[in-house]
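Dear colleague,

I am passing on a structure that I would like you to look over, with notes on its pockets below.

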Amino acid sequence: MSGAKRAEPAIMTEIVFPQDTNPLGTMFGGAAYALMDKAAGIAAMRFAGTMAVTASSESVDFSVPIRHGMIVEVVATVIHTGTTSLIVRTELFYEDPLKPGKARATVGYFTMVAVDGEGKPARVPTLLVESAPERADWELGEEIRERARLRRERHGQR
């Protein structure tokens, strides 16, 4: 692909404080989602070289509770590009700072739209896809785009 660009992951690390948790001492889903959305935005902006806004999210399923005091890390990577949109995979990992290792708590997919200084959609570079895992991610991105298109159709959106 001529003119294609490689995606570099954006990585954010935070600690879970009491204000980020519910009465059971586990991280609010909304707080985790906000971190994932922010990391997706950073990955999209770095790739596109312009501002980016969230258009939709797909399948953010929480598999384990993340407790107060744990460290969370979000890794966001562009896996698919359209003309003005980017699909970003965000993986949220957690670790107990007193124990070795980390594990994945959730993964989600965010569709971001690149915008210019006036907030209008802006063209994005084509994603460089070379390896089999990158091709599989690209195909997943195609499925996500199609599901979003069908949702918009059902709800009378463009």
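A pocket, on a 1 Å grid over the protein atoms alone, is an open set of points where a 1.4 Å probe fits, with protein on both sides within 12 Å along at least five of seven lines, and its lining residues have an atom within 4 Å of a point. This is a predicted model, in which local features need pLDDT of at least 70 and side-chain atom pairs count only at pLDDT 80 or more, whereas totals for chains, interfaces and linings use all residues. Residues are numbered from 1 along each chain as its sequence is written, and side-chain values use heavy atoms, with hydrogens and water left out.

The largest pocket holds about 500 Å³ of space (the volume filled by probe spheres set on grid points, which are joined across faces, edges and corners). Its lining comprises 17 residues, of which Ala55, Ser85, Thr111, Val113 and Arg152 lie nearest the centre. Strand S2 (51-58), strand S5 (103-115) and helix H2 (132-154) each supply at least two residues of this lining, and H2 gives the most, with 6 residues (helices, H or I of at least four residues, and strands, E of at least two, are DSSP runs numbered from the N terminus).

The second largest pocket has a volume of about 170 Å³ and is lined by 13 residues, with Ala7, Thr77, Val78, Glu134 and Asp137 nearest its centre. Strand S3 (71-81) and H2 are the elements that give two or more residues to this lining, and the largest share, 4 residues, comes from H2.

With best wishes
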